[in-house]
Amino acid sequence: MELKTNKLTLKKALLIYIVLFYAAWTVYEMLCRKHLDSAINNDLIVELCETVIKNLVWTLPAVLLIHKYSSDVHVKLKEMFAAKVNWLKYLPYFAFFTAYILVNAYSQYGEIKIQSDFGIASIITVLFVGLEEEMVFRGWLLNATVKEDKKRQYILLNAVMFVIIHFPIWIRTGSFVSAFTHFGFIIILFLSVIFSTEFLKSKNILVPIALHMYWDLLAFMFVG
């Protein structure tokens with residue numbers, strides 16, 4: 001007698017993942033984060049706790065799903081860490097990011113200096129946010145949905161999804177309206193398109209991770 005298998009298809013897995021992922025992170029940002037802040041009056045410890053939580057909710061599931069659906073994704077898990085990269089070709093991005101952040105900092109503060117709140121907690125954020133977010137949005141979501149003949153459409157869809165995941169923190173911090181009135185969301189869309197494009201070109205997840213980390217480092221240091 002032939003046994004029937006109930007293997008979850010990639011499309012169903014993606015749908016379930018997206019619903020659970022966005023719901024879980026919304027609950028965390030809107031309800032759990034404020035309790036974490038009030039219970040632990042230390043930015044460094046709070047950041048360490050959030051890093052652990054985010055890696056459990058973001059990074060680990062993404063890595064497991066990329067591995068599980070290795071035959072269906074655009075770039076396999078092993079390949080996305082092993083593909084050769086010519087880092088010199090990305091120097092224009094690093095230069096552009098540097099110029100943009102420094103000009104933005106000067107326009108806001110009238111000078112360029114490291115922000116007083118930049119410290120170990122900020123460095124932890126910089127080191128892990130790029131990894132966590134790129135593994136989910138480029139390594140998993142884009143990687144599992146993109147089609148060779150429709151790359152632009154899926155890159156744009158991924159950018160919209162990347163903006164939406166910022167909604168809970170914008171609401172919690174009271175910056176939701178300003179993110180749109182001051183066009184901050186455009187920057188998120190723009191960066192997502194860059195990260196996605198370069199991931200698909202290089203087939204190496206370390207490229208968007210490095211670009212993401214560098215952007216966050218400059219933003220935390222000079223803008224705050």
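Q: Okay, tryptophan 170: buried or exposed?
A: This is a predicted model. In it, tryptophan 170 is buried, because its relative accessible area is 12% and the cut-off for buried is under 20%.

Q: And what about phenylalanine 180?
A: Phenylalanine 180 is partly exposed, with a relative accessible area of 27%.

Q: Let's switch to ring pairs. How many aromatic pairs does the structure hold?
A: There are 24 aromatic pairs. In one of them, tryptophan 25 and tryptophan 58 sit edge-to-face, 5.3 Å centre to centre with 85° between the planes.

Q: Where in the chain are those two?
A: Tryptophan 25 is in helix α1 (residues 10-39) and tryptophan 58 is in helix α2 (residues 43-68), so to speak 33 residues apart, and the pair links distant parts of the chain. Both tryptophans are buried.

Q: Back to tryptophan 170 and phenylalanine 180: why is the pair edge-to-face?
A: Their planes are at 85°, and over 60 degrees counts as edge-to-face. The ring centres are 6.0 Å apart.

Q: Which helices do they lie in?
A: Tryptophan 170 lies in helix α7 (residues 167-172) and phenylalanine 180 in helix α8 (residues 176-181), so the pair ties together parts 10 residues apart in sequence.

Q: New topic: what sits over the ring of tryptophan 58?
A: That's the charged end of lysine 54, 4.4 Å from the ring centre. Arginine 138 lies over the face of phenylalanine 162, at 4.6 Å from the ring centre.

Q: Which residues form the aromatic cluster?
A: Among them are Trp25, Trp58, Trp140 and Phe162.

How values were computed. Residues are numbered from 1 along each chain as its sequence is written. This is a predicted model: local features need pLDDT of at least 70, side-chain atom pairs count only at pLDDT 80 or more; totals for chains, interfaces and linings use all residues. Side-chain values use heavy atoms; hydrogens and water are left out. Rings of Phe, Tyr and Trp (its six-membered ring) pair if their centres lie within 6.5 Å; planes under 30 degrees apart count as stacked, over 60 as edge-to-face and the rest as tilted. Helices (H or I, at least four residues) and strands (E, at least two) are DSSP runs, numbered from the N terminus. Buried means under 20% relative accessible area, exposed over 50%, partly exposed in between (1.4 Å probe, protein chains only). A charge sits over a ring if NZ of Lys or CZ of Arg is within 6 Å of the ring centre and within 35 degrees of the ring normal.
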